[in-house]
Amino acid sequence: MKISVVGCGRWGSLIAWYLNLKEHEVTLYGRSSSEHMKRFIKERKNDLLELPQSINLSTDINCLKDAEVIIISIASQGLRSFMKEILPLGLKNKVFVLCMKGIETGTGKRLSEIAKESLDESCGIAVWLGPGHVQEFFAGIPNCMVIDSEREDVKKLLVDNFSGELIRFYYGTDIIGNEIGAAAKNVIGIAAGILDGLKLSTLKGALMSRGTREIARLITAMGGNELSAYGLCHLGDYEATVFSKYSHNRQFGECIVSGEKYTLLAEGYYTVKALVELAEVHSVELPICTAIYNILYNGADAADELGALFKRSIKQEF
């Protein structure tokens with residue numbers, strides 16, 4: 001298949017590398033001003049991986065016209081502006097795959113909803129979600145992920161052509177739950193980092209259990225299947241987010257407690273704001289997400305917020 005990957009950061013470059021490994025014809029697109037792209041053009045590598053010569057590199061957005069499949073891996077809050085940018089290309093009969101996790105702040109819209117607003121009806125939209133880190137995939141360590149779409153033919157096309165020994169793909173059956181769950185796991189990652197910073201890592205078991213329950217409630221309220229919260233998009237991604245040294249969100253949470261500056265992208269910072277907004281719209285209690293929101297946006301003390309969670313009224317677990 002002819003595939004263009006938009007985004008030359010850690011995930012975009014990994015996707016290009018993986019799909020080239022699957023013998024697809026891959027072009028990696030990045031802006032000419034991008035430092036990541038400048039280095040790839042000069043050295044064909046970043047700090048995590050090296051791209052083979054068989055992958056095309058382009059700084060011309062018109063490369064999307066020739067692709068059958070367009071995979072987007074950029075910061076979630078920048079998706080709307082990017083979709084407007086490619087509107088003049090008049091793309092039709094393409095399959096767009098969003099390999100990114102987030103919810104738009106201010107609107108509470110899922111990323112597939114944002115993409116759908118700007119695309120021709122002939123285009124299919126899918127999401128590629130689940131656990132894994134670039135460093136581990138590049139080292140040959142396998143994992144399982146999920147692909148979901150409102151169109152069954154799009155799911156089948158992608159799963160059949162992308163599955164391999166390195167990544168086993170499952171067919172998603174709930175795009176609402178998968179998108180919300182995937183975005184929300186980054187918030188749980190920040191909470192895990194805060195626990196690490198407070199030397200309370202033993203509470204991660206409770207965090208995973210209760211965090212999954214509150215996200216399941218939100219998914220149900222939004223019309224999805226609560227079981228998605230227990231799938232690869234959310235609970236299945238906890239090992240890579242809550243415990244891994246590679247997790248940006250977990251590192252970000254730990255830095256909050258230590259007072260260190262964190263400069264890498266932690267999507268959970270934006271997602272928690274959108275989740276709190278959605279919780280209000282759908283009248284759902286999200287105590288853990290609300291606590292993280294208070295720490296990040298209201299300057300609340302992390303230890304005090306944790307204490308407030310413990311002082312909540314006692315209730316049955318289920």
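## Pockets and how they are found

On a 1 Å grid over the protein atoms alone, a pocket is an open set of points with protein on both sides within 12 Å along at least five of seven lines, while a cavity is a set of points where a 1.4 Å probe fits but cannot get out; lining residues have an atom within 4 Å of a point. Grid points are joined across faces, edges and corners, and a volume is the space filled by probe spheres set on the points. This is a predicted model, in which local features need pLDDT of at least 70 and side-chain atom pairs count only at pLDDT 80 or more, while totals for chains, interfaces and linings use all residues. Residues are numbered from 1 along each chain as its sequence is written, and side-chain values use heavy atoms, with hydrogens and water left out.

Let's start with the largest pocket, which holds about 1200 Å³ of space. Its lining has 44 residues, and G9, R10, W11, S73 and L265 lie nearest the centre. By class, 15 are nonpolar, 20 polar and nine charged (Ala, Val, Leu, Ile, Met, Phe, Trp, Tyr, Cys and Pro count as nonpolar, Asp, Glu, Lys and Arg as charged, and the others, Gly among them, as polar).

The second largest pocket has about 760 Å³ of space. Of its 27 lining residues, R210, P287, I288, L309 and R312 lie nearest the centre. Helix α8 (204-221) gives the most to this lining, with six residues. Helices (H or I, at least four residues) and strands (E, at least two) are DSSP runs, numbered from the N terminus. Here the classes are 16 nonpolar, two polar and nine charged.

Now look for the open sheet of eight strands, in the order β3-β2-β1-β4-β5-β6-β7-β8, with mixed pairing. Two strands pair if DSSP finds at least two bridges between them. At the edges are β3 (56-58) and β8 (167-171), each pairing on one side only.

Strands β1 (residues 2-6) and β4 (residues 69-72) run parallel and are joined by four bridges. Across this pairing, V6 stands opposite I72 in β4.
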